[in-house]
Amino acid sequence: MADIARAEKVSKNTVSLALRNDPRISEGTRRRVEKAAERLGYRRNAVIGELMAHVRKIRTSGFQATLALVNANQDRNALTRHPTVPSYVEGARRRADELGYSLDPFWMHDPEVPGKSLVRILRARGIRGVLIVGLMNQNRLPEHFLPVVNAFPCVVAGVRTRDPAL
């Protein structure tokens, strides 16, 4: 790989990614690297490839950021007691852990924390984005939550919002 990297003036990491068809590498660079590999007689070592795939799979990312996990259901306890919402939460937590994210839970309908206050709380906690789960009234976010939608990147899981569309 080092010879290919030198010949094509790219990093060994770029060579490795290109030879694995990683989408982060442009098509042109990938083709250039593949041609150089063929020209230089490179042969993939299947044992090393398998080992590295395993290492990449089990490697945990360092901490990236904290995301808000917002319960949009009218039931304050829907994250743990609803028939379907806990499965979304479990999947989100598992994937967040794999990628180095933590999830802070919030309840969208908390009467003591209107949207503007929630924006201040999320910023103070260093929240970088918002994942909204749970059933909403007619798939619409309440007016008081709109400051959060306007201040942070937001996605919704399990339902499709209409107003605003997320």
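Predicted model: local features only at pLDDT ≥ 70, side-chain atom pairs only at ≥ 80, totals over all residues.
**Exercise 1.** Determine where Asp3 and Arg6 lie relative to each other, and whether they are buried or exposed.

*Solution.* Begin with the contact: the side chains of Asp3 and Arg6 form a salt bridge, with an N to O distance of 2.5 Å. Finally, consider accessibility: Asp3 and Arg6 are both exposed.

**Exercise 2.** Classify each partner of the salt bridge between Glu8 and Arg39 as buried or exposed, and locate both in the chain.

*Solution.* The side chains of Glu8 and Arg39 meet at 3.5 Å, N to O. This pair connects distant parts of the chain, since Glu8 is in helix H1 and Arg39 is in helix H3 (residues 27-39), 31 residues apart. Glu8 has a relative accessible area of 14%; the limit for buried is under 20%, so Glu8 is buried. Arg39 reaches 55%; exposed requires over 50%, so Arg39 is exposed.

**Exercise 3.** Describe the salt bridge between Glu27 and Arg30, and identify the network to which the two residues belong.

*Solution.* The closest N and O atoms of Glu27 and Arg30 are 2.3 Å apart. Both residues lie in helix H3, 3 residues apart, about one turn of the helix. Glu27, at 38% relative accessible area, is partly exposed, whereas Arg30, at 15%, is buried. Through salt bridges with shared partners, Glu27, Arg30, Arg31 and Glu34 form one network.

Key
Residues numbered from 1 in each chain as written. Heavy atoms only, no water. Salt bridge = Lys/Arg side-chain N within 4 Å of Asp/Glu carboxyl O. Buried < 20%, exposed > 50% of the residue type's maximum accessible area, 1.4 Å probe, protein only. Helix = DSSP H or I, 4+ residues; strand = E, 2+ residues; numbered from the N terminus.
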